[in-house]
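Please look through the sequence and the model below before reading on. The paragraphs after them are meant to be read with the structure open beside the text.

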Amino acid sequence: MSMTQVKPRTIKEILDVMTSKSSVDIDLVTRAYEFAEKAHTGQLRFSGDPYFSHVAEVGFYLAQAGLDAEAIAAGLLHDTIEDAHIDEDVFKKEFGDQVFMLVDGVTKLGKLRYQGTQRHTESLRKLFAATAKDIRVLIIKLMDRLHNARTLSHVPREDKRDRIAKETLEIYAPIADRLGMSVLKQELEDAAFPYAYPKEYEKTREILRARKHEDEKQLEKLEHSLKRELGEAGIRNFRTEARIKGAYSLFKKLERKKWDITQIYDILALRLIFPSIADCYSALGIIHAHWRPVPGKIKDYIANPKPNGYQSIHSTLYTGSGGALEVQLRTEAIHQEALYGIASHLIYKDRQFGIKNPQAGITWIRQFFPLLKKQTTDNHDSGISAVPNWINELAHGEEDRTEDNYIETLKEDFFSHRIFVFTPKGDAIDMPIDATPVDFAYAVHSQIGNHMSGVRVNNKMVSLSTTLKNGNVVEIITKPSAKPSLKWLEIAKTSMARKFIRTALAEQEAARR
Ligand code: MN
């Protein structure tokens, strides 16, 4: 146990980084802070620090990420029901239904009704169900996990440390990634990595240490000459930033490259941040005229964003001294999104998605909220209602899934293997990697699924069992007389499609009788 206790974040520190300065919001956050401090009085963390320091930190992270006062208050209060046994009605009376709903979503199920793995799995399922109604629930949970991962060294049992660390890497970091929250993803990974894989961590750190100094010198030199060349071409309105690769992400890459460090060019990268997308392309032209790019390493994620919405132009340049360095070109608006992802869209209640940041890449917004219009009506009216498709899948998956394969589904299907396919109008639909046109049709609308008679992929007629690929444009052909068959159950990969098909088949059966 440490001799000196960590001082909890003060309310002033939280209010200082909070986006809104309205008196209503300040009042809500202040009341939540004081309530939580009182509720957790006398409770300690494994570290010997006051328990309150944990929730104050979570509130601070949420304020820093730009979330609204309700979410910050919920972050401060997130353990009052589970760990300080505050009565639900007392809580609701004090903070209202919205804040209660957020806290309830991250609260684990009762120890009396559920135990062990089952409690764990059912709590995750509950978390996703709450998230499907309000995405802020998931962000609060991620910040909670970030602080728990950062304080893992104090957890006394090794098996528990190992479990929390691996779960952070396998479930929570990929979720942050899917939400486009790259800073949070890297922080989760780097906090958990030393406890999940201690030996590999040491090895990776050695490599980082050995390479960093030389790379830093190279980066400084490149930055200097880039500024000069771009300046001579009349491009002066931009800023630069060094990006250091996270240890865990470097480890994953080292594994892929069989630990050949010479194959890795992006331990350090130079970001160039411009006012407009046109500036990015002009600068790229000038850069390639002066530095030869490494073949095959030019990636235009502005024209073709990654499935999680990530944008930027990447190119790796030979620096002339035998080395190579990656440059990343992006706009300020893209930069904010790349760092904070979905959170950068949740800042104001009445904010229209995408309107405040016209450069923010409408593609991103469309990719992330393909069913925005349809979903808005189902959810509460705070305006923070758009929930990515995959969360709904997690929340409303097949009921017959067992605990074990629910976690497996989480790890495998949802986070590592997703593709985006498009409707003929260009709306993106988020699907698992082995999805077929049947899955696609039901993801668009159950009636389109139920009356599908054929499909065109990239303008060619194909069979319904074709496996869709990232970027495919899929056009479903419907006929009023067409209806689902038993074979579709085998073709469909998503639980959503299978559920609709089973319902339709049961209705056909009932009508025949
Ligand atoms: Mn907590």
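This is a predicted model: local features need pLDDT of at least 70, side-chain atom pairs count only at pLDDT 80 or more; totals for chains, interfaces and linings use all residues.

Residues are numbered from 1 along each chain as its sequence is written, and side-chain values use heavy atoms, with hydrogens and water left out.

Histidine 78 lies in the loop between helix H4 (69-77) and helix H5 (88-106), whereas aspartate 144 is in helix H7, so the pair ties together parts that are 66 residues apart in sequence. Helices here are DSSP runs of H or I with at least four residues, strands are runs of E with at least two, and both are numbered from the N terminus. Histidine 78 is buried at 1% relative accessibility, and aspartate 144 is buried as well, at 10%; buried means under 20% relative accessible area, exposed over 50%, and partly exposed in between, with a 1.4 Å probe and protein chains only.

Methionine 143 is in contact (heavy atoms within 4.5 Å) with Val58, Tyr61, Leu62, Ala65, Met181 and Leu184, once its neighbours within four places in sequence are left aside.

The next element is an open sheet of five strands, which has the order S1-S2-S5-S4-S3 and mixed pairing; two strands pair if DSSP finds at least two bridges between them. Strand S1 (239-244) and strand S3 (299-300) stand at the edges with a single partner strand each, so one side of each is left without a neighbour in the sheet. Strand S2 (residues 268-274) pairs with strand S5 (residues 324-331) in the parallel sense over six bridges, and leucine 270 stands opposite valine 327 in S5.

Serine 315 is buried, with a relative accessible area of 0%, and its side chain is joined to that of histidine 288 by a polar contact of 2.8 Å. A polar contact is a pair of N or O atoms within 3.5 Å; within protein, one must be able to donate a hydrogen and the other to accept it, and residues adjacent in sequence count only if both atoms are side-chain atoms. Serine 312 is placed in the loop between S3 and S4 and is likewise buried, at 0% relative accessibility. The side chain of serine 312 makes a polar contact with the side chain of arginine 330 (2.8 Å), and serine 312 and aspartate 300, 12 residues apart in sequence, are 6.6 Å apart in space, C-alpha to C-alpha.

Salt bridges complete the tour. Side chains of opposite charge can pair when their charged atoms come close, and a search of the whole structure finds 26 salt bridges, each being a side-chain nitrogen of Lys or Arg within 4 Å of a carboxyl oxygen of Asp or Glu. What joins arginine 145 to glutamate 167? The two form a salt bridge whose closest N and O atoms are 2.6 Å apart. This pair links distant parts of the chain, with arginine 145 in helix H7 (residues 136-150) and glutamate 167 in helix H8 (residues 158-178), 22 residues apart, and both residues are buried. By contrast, glutamate 223 and lysine 227, which meet in a salt bridge of 3.4 Å, N to O, both lie in helix H10 (residues 198-232), four residues apart, about one turn of the helix. Glutamate 223 is partly exposed at 22% relative accessibility, and lysine 227 is partly exposed at 41%. Finally, Asp68, Glu70, Asp134 and Arg136 are linked in a network of salt bridges.
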